[in-house]
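Welcome! Here is a short tour of a few spots in this model, for anyone meeting it today.

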Amino acid sequence: MIRFTFKRALRDIRNNFYLHGLCVVTISLAVFILSAFALFYINATELLDAWKQGVRVIAYVGGDLSDTRRHAIMAEIESMDGVAGVDFVPKESAFAALKADIGDQSSLLEGLNENPLPDAFEVRLSESFINLDAIGRLAANIGAIEGIDDVEYAQKWLSRFAGVYNLFKITGLVLVAMFFLATLFIVANTIRLILYSRREEIEIMRIVGADEAFIKHPFYVEGLLLGFTGAGIGMGFLYLAYLATVPGFAPDILVSFFELRFIPGPLLAGLVLCSMMIGWAGCHFSIKRFLKI
């Protein structure tokens, strides 16, 4: 029975190749776009987390500090939540690092009469301490310590990227809903056209005593095959686009410990399953309406 159902489904696909092909192209396009959003969402989330984990809070000292006061400030900062460690950076070391960073242009600093950089504390955060609001509160608490003149961290970069990330996430969810409904509508109408073209055959099968399961099961198989094929093609093109794009992407420019990766296997399987369910649901709605089942 199962073998016969599959044979009928494949025969219908072959006989109505144009309609099924159009449906597969539509599903492929929808899967490609939705998978592209998923790919961006996954990597953007990891990139944002990597940035947050790499954040250093720099607390600049106002004036000279005695060793006793310096150790007291370090102890106070280390006692705060989210702090993994504190390093004291003397202004001489900061000035030497600045000259090393600017390389050949360090001669521009030779005319300075004195070191313009202040002493500073470099605060390393715990890996789990990645909430932007919490980092902001920590920076404010450090800035309130007596002897600290100013506090800096990548607040603007992180806030802007988080804003774009949240906007893209909301847009993606809206598009997912729209493409889901559009794909469901197209699959349902494709199956309905096929049912309409075979209405006489279906009536004859009913007259000779064929039960409803015998009539409708091949259409459900068609819906599942359309969803599976469309998902495979859409993801295949996305993977080719990924392979063509990744070699030209230089993540070390953004953050050295971030690696761009493709959609993980479980999520790919979930997308395929979701695509097949859309094919099945579109088929179900058409059968229910056309055959009055």
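## An exposed leucine and its patch

Leu 240 is exposed, with a relative accessible area of 52% (exposed means over 50%, buried under 20% and partly exposed in between, with a 1.4 Å probe and protein chains only). This leucine sits in helix H8, residues 212-245; helices are DSSP runs of H or I with at least four residues, numbered from the N terminus.

Before going on, note that this is a predicted model, where local features need pLDDT of at least 70, side-chain atom pairs count only at pLDDT 80 or more, and totals for chains, interfaces and linings use all residues. Residues are numbered from 1 along each chain as its sequence is written, and side-chain values use heavy atoms, leaving out hydrogens and water.

Together with Ile 233, Phe 237, Tyr 239 and Leu 243, Leu 240 forms a nonpolar surface patch with about 490 Å² of accessible area. Such a patch joins nonpolar side chains (Val, Leu, Ile, Met, Phe, Trp, Tyr) within 5 Å, from residues with over 30% relative accessible area and no salt bridge (a side-chain nitrogen of Lys or Arg within 4 Å of a carboxyl oxygen of Asp or Glu). The areas come from the Shrake-Rupley method with a 1.4 Å probe, and for residues only the protein chains shown count as cover.

## A buried serine

Ser 35 belongs to helix H2, residues 17-53, and is buried at 1% relative accessible area. Beyond its neighbours within four places in sequence, Ser 35 is in contact (heavy atoms within 4.5 Å) with Met 235, Leu 238, Ile 263 and Leu 271.

Terms used:
Helix = DSSP H or I, 4+ residues; strand = E, 2+ residues; numbered from the N terminus. Patch = residues over 30% accessible without salt bridge, like charges linked within 9 Å, V, L, I, M, F, W, Y side chains within 5 Å.
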